[in-house]
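Here are some exercises to work through with the model open beside you. Try each task before reading its solution.

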Protein chains: 2
Amino acid sequence: MYQDRKRHLEARARVLKAMSHPTRLFIIEELDKEERCVCDLTGMVGADVSTISKHLSVLRQAGIVAADKRGNQVFYRLRVPCILNFFGCVESVLESQFQEQAAFLENVGA
Amino acid sequence: MYQDRKRHLEARARVLKAMSHPTRLFIIEELDKEERCVCDLTGMVGADVSTISKHLSVLRQAGIVAADKRGNQVFYRLRVPCILNFFGCVESVLESQFQEQAAFLENVGA
DNA sequence: TGGCTTTTTGGCTATATTGCCAAATAGCAT
DNA sequence: ATGCTATTTGGCAATATAGCCAAAAAGCCA
């Protein structure tokens, strides 16, 4: 049952895991607008350059972004823009969480 | 730039993180077909009951699944089926990874 | 109540992730 | 070559995650 699909599910999980960090989600959003060098993103996020570089490395290894070296800068771009389409669904999860919490609070009050 | 969106991105990341495990992806797929009790899923995955229970707890806390206790069994169901729509995109990431690897191997050969 | 099943929780160890600093690497310009 | 900038890598400490076993909790049935 599970063992048959395990390898495939592990591959999927790796992609999702690479996206599962607020800074990396921010980077994905920015790269959807336009390509950016590491220094751009570092400035926007406000973390150490090495931290941003490692986040980008995670995204690159997952196949989500691609790097393009020009001069002494490295520009990153989104390799698979459909990633963004998913967030509507994630939002609906967040919405359902919110509703559940509201219902819970209502029960407590009653 | 980033600080403004941080809280929101953290919430999104929590949902993605909850999905970022092969066993939990399997559970999501199964629950999309029909609701299942913990014992069903335990049998299919082949892990300890406590392990499955904890995975379900992660999914529940993320708002992805809902629990329904009937008798001494607890049935879980998918709360937000659109989750599944995303996998087409994840697959395209995997496909692009595969293509990159093929290109790399070609370069090595040449 | 006592025994049975199902599920959750606590505790533990092993492993992975994060983010910083410091150092190495790479490219450009003087 | 030297200096300057941009990026990556190594190393480290703090924190989080995964999965097992054992034990607790909750519900059924006799």
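**Exercise 1.** Decide whether B:Val80 is buried or exposed in this predicted model, then place B:Val80 in its chain.

*Solution.* Start with the relative accessible area of B:Val80, which is 5%. B:Val80 is therefore buried (under 20% relative accessible area; exposed is over 50% and partly exposed in between, with a 1.4 Å probe and protein chains only). Next, find the residue in chain B: B:Val80 sits in the loop between β3 (73–78) and α5 (87–109). Helices (H or I, at least four residues) and strands (E, at least two) are DSSP runs, numbered from the N terminus. Finally, go from B:Val80 to B:Ile64: they are 16 residues apart in sequence, with 6.0 Å from C-alpha to C-alpha.

**Exercise 2.** Describe the protein surface near DNA strand C.

*Solution.* Then look at elements: α4 (49–61) of chain A and α3 (38–45), α4 (49–61) and β3 of chain B each supply at least two residues.

**Exercise 3.** Find side-chain polar contacts to DNA strand C (N or O atoms within 3.5 Å).

*Solution.* Take the phosphate oxygens: A:His21 has a polar side-chain atom 3.3 Å from one, and B:Tyr76 has a side-chain N or O atom 2.6 Å from one. Now turn to the bases, where a polar side-chain atom of B:Lys54 lies 2.6 Å from a base oxygen.

**Conventions.** Residues are numbered from 1 along each chain as its sequence is written, and chains are lettered from A and ligands numbered from 1 in the order in which they are written. In this predicted model local features need pLDDT of at least 70, side-chain atom pairs count only at pLDDT 80 or more, and totals for chains, interfaces and linings use all residues, while side-chain values use heavy atoms, leaving out hydrogens and water.

Methods: A polar contact is a pair of N or O atoms within 3.5 Å; within protein, one must be able to donate a hydrogen and the other to accept it, and residues adjacent in sequence count only if both atoms are side-chain atoms. Ala, Val, Leu, Ile, Met, Phe, Trp, Tyr, Cys and Pro count as nonpolar, Asp, Glu, Lys and Arg as charged, and the others, Gly among them, as polar.
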